[in-house]
Amino acid sequence: MEVRLPARAPFSLSAVVRSHGWIRLAPFAEDEGSGGLTYVGQLDSGRVAAVHIGESAEGVRVEVDGGLSEAEGAQVARQVTWMLGLDQDFSSFYALARQEPKLAHVEERARGRILRSATLFEDTVKTILTTNTSWAGTIRMVRALVSQFGPPLPADPSRHAFPSPEQLAASDAETLRSVAGLGYRAPYVLELARSVAAGALDLEGFKATDTPTPELRQELLAIKGVGEYAAANLLMLLGRYDFVPVDSWALKMVSHEWYSGEAVGRAEVESAFEGWGEWKGLAYWFWAWSYSA
DNA sequence: GGTAGACCTGGACGC
DNA sequence: GCGTCCAGGTCTACC
C-alpha cells in the first residue's frame with residue numbers, strides 16, 4: 001500500500017527526523033541515504049506493520065508492506081500526520097525568529113516540527129526513560145522494552161512494535177526491572193501502563209484537548225515519574241511550547257551562552273527565553289548555541 | 001515552598 | 001578484575 005500525504009510548507013522530512021534523538025529509539029529506524037525513516041507500529045486491528053516514510057514533492061510518501069483495509073490505511077495516514085506534524089503551522093514562530101540571528105536558520109531549513117511516536121503513551125514512556133540516565137541508557141531501555149514486550153513484525157520477527165499499554169500492564173515491576181533494565185523507573189512505567197489500559201488516564205485525548213497549557217502540565221505532572229523536565233518535553237511533543245524542558249544539558253548551554261560558564265539554575269534558563277512567550281520551548285530547542293559540549 | 005537524600009545503571013577511573 | 005565515584009531527573013520526607 002502506498003499513500004501520499006501533503007505537508008504544510010515549509011516542510012523537510014530530514015529536519016523532522018533530525019529534530020531530536022527519537023529517531024534512534026526503537027521502533028524507529030532511519031533509512032540510510034534517503035533521509036526518510038521506518039517505524040514499526042501496531043494498528044487498532046492488531047496488525048503489526050512496518051511503515052516506510054520518504055519525502056515527496058507535496059509532503060511525504062508512505063509505504064506499508066502488504067495490503068491494508070480501508071480503516072487500517074486511514075489509521076496509518078492519521079498516525080503519520082501526527083508523528084511528523086504535517087499540518088503544524090509555525091508562521092508566527094518564523095516571524096519572530098527572523099528578528100533573531102540565533103534562529104535565522106529555522107525557517108530556511110523548515111525546522112519546528114519535532115518527531116513524535118504514534119501514541120502519547122509511547123512518548124510518555126520514552127520520556128520517563130530519558131530521566132536520570134545517559135542517552136545510551138535510554139536507547140538500551142527502550143530497545144529492551146520493544147524487543148521483550150512488543151508484538152513482532154510477521155514478515156521479520158526480529159523487529160517489534162512498541163508494546164501497548166495492555167501488553168505492559170500484563171507484566172509486573174520486577175520483570176520490567178530485570179528484563180528491560182528499567183531500574184527504579186519500572187513501577188512508574190507499570191503504573192502508567194495500567195492507568196492507560198484501564199481507561200483511567202486518556203493520554204490520546206491530550207493530543208486534541210483545548211485544556212489550557214498550565215492545566216495540561218499539571219495533569220502530566222500527576223503521572224509518577226514525570227517531573228518538570230519531562231512534562232515540558234511532553235508539552236513540546238503536544239505542540240505546546242510555553243515551557244522549556246530544563247535538563248543538565250540546558251543548564252550547561254545557558255551557562256556558556258550568557259553566564260561565561262558560571263553555574264546556573266532553572267530560573268536562569270527560563271529567564272533566557274521568557275521573551276519568546278508561547279514559542280519559548282521551540283526557541284530553546286533550535287537555538288544556535290555558541291558552546292558545543 | 002525549599003531542600004536533602006534515595007533511587008538505578010553504566011561508564012570512567014584508580015588500584 | 002574489582003571497587004569506588006559520578007552523572008542523569010524525580011520522588012518523598014522533612015523543615
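1. DNA strand B is surrounded by T133, A136, G137, R177, G181, G183 and Y184 of the protein; a residue is near a strand if its C-beta atom, placed from the backbone, lies within 6 Å of it. By class, this surface has two nonpolar, four polar and one charged residues. Ala, Val, Leu, Ile, Met, Phe, Trp, Tyr, Cys and Pro count as nonpolar, Asp, Glu, Lys and Arg as charged, and the others, Gly among them, as polar.

2. This is a predicted model, in which local features need pLDDT of at least 70 and side-chain atom pairs count only at pLDDT 80 or more, while totals for chains, interfaces and linings use all residues. Residues are numbered from 1 along each chain as its sequence is written, and chains are lettered from A and ligands numbered from 1 in the order in which they are written.

3. Around DNA strand C lie T131, N132, T133, K224, G225, V226, G227, E228, Y229, A230, D247 and S248. Three nonpolar, six polar and three charged residues make up this surface. Its largest share, three residues, comes from helix 11 (residues 228–237).

4. Chain A has 14 helices and seven strands (DSSP runs, numbered from the N terminus: helices are H or I, at least four residues; strands are E, at least two).

5. The radius of gyration of chain A, taken over C-alpha atoms, is 19 Å, close to the 19 Å from the globule rule for 293 residues, so chain A is as compact as a globular protein of that length. That rule is 2.2 Å times the number of residues to the power 0.38. The C-alpha trace spans about 55 × 45 × 35 Å along its principal axes.
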